[in-house]
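Visitor: Please take one part of this model and go through it closely. I would like to know how it sits against its surroundings.

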Amino acid sequence: MSLDAGMIFASDSRTNAGVDQVGKFSKMRVFTRTGDRVIVTLSSGNLSITQNALNVLEQRSRAGDSQLQLWNATSMFVRGEPPRLFEVYSEGNFIEATPDTCYFQIGESKYGKPVIDRVITRSTGLLEATKCTIVSFDSTMRSNISVGLPIDLIVYKTDTFKVALQKRIEESDPYFQMVHSQWGEGLRRVFAELPNPDWH
């Protein structure tokens with residue numbers, strides 16, 4: 001999510017889910033130089049292609065300034081520019097978040113998207129956006145076995161050039177358990193309070 005107050009990044013860690021095999025790998029990679037730039041990548045799809053591409057970026061970032069790499073690129077988020085959020089496709093083309101479309105979901109999105117669509121705007125605060133992100137993941141995990149804990153979460157505050165919060169949310173996390181329980185109970189309560197249709 002790209003908001004006026006900052007950015008939220010979150011990813012689950014389930015790469016495949018079968019009856020007898022569940023794979024877990026982090027889908028988030030963070031490149032940061034405090035005071036200079038913060039770059040967060042989230043991935044879905046083929047894990048080997050993703051890991052290879054990110055390893056190339058990481059190796060080049062350690063190679064020094066003699067070649068173009070993450071720390072000397074001038075066309076990315078650097079001091080003095082607003083934060084930017086991109087969805088990059090496997091072909092290399094991309095789209096950028098806008099004030100009207102301030103978030104992207106990659107991978108499995110259809111279950112958690114309605115929650116975000118109803119809550120998030122550019123002016124949403126970081127704490128509220130984080131809560132919405134957790135609810136969105138909980139809704140997705142409730143309906144889709146291919147999405148699961150732990151969730152990797154990063155919160156970035158605009159113009160700080162450092163990660164404000166980096167957390168791995170495990171199944172035993174008390175806040176996640178509270179959200180999971182109260183969200184489900186709240187939905188059932190609101191549904192029960194809706195009047196039945198009066199159609200003849």
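Guide: Start with the outward side of helix α4. There Pro-174, Gln-182, Arg-188, Ala-192 and Glu-193 are exposed. Keep in mind that this is a predicted model.

Now the length. Helix α4 runs over residues 174–193, which is 20 residues. At 1.5 Å a residue the helix should span 28 Å, and its end C-alpha atoms are 28 Å apart, so the two agree.

The N-terminal end is capped by Asp-173. A side-chain oxygen of Asp-173 lies 3.1 Å from the backbone nitrogen of Tyr-175.

Turn to the other side. Phe-176, Val-179, Gly-184 and Gly-186 of α4 are buried. These residues cover an arc of only 165° around the axis, which means they lie on the same side of α4. An α-helix has 3.6 residues a turn, so residues three or four places apart point the same way. The cover over the buried residues of α4 includes α3 (126–143), β8 (151–157) and β9 (163–169).

Ile-151 shows the packing from the facing side. Beyond its neighbours within four places in sequence, Ile-151 contacts residues including Phe-137, Met-141, Ile-169 and Phe-176. Nonpolar side chains tend to be buried together in soluble globular proteins.

Key: Residues numbered from 1 in each chain as written. Predicted model: local features only at pLDDT ≥ 70, side-chain atom pairs only at ≥ 80, totals over all residues. Heavy atoms only, no water. Helix = DSSP H or I, 4+ residues; strand = E, 2+ residues; numbered from the N terminus. Expected span 1.5 Å × (residues − 1). Buried < 20%, exposed > 50% of the residue type's maximum accessible area, 1.4 Å probe, protein only. Arc of directions from axis to C-beta. Contact = heavy atoms within 4.5 Å. Polar contact = N/O pair within 3.5 Å; in protein donor to acceptor, adjacent residues only side chain to side chain.
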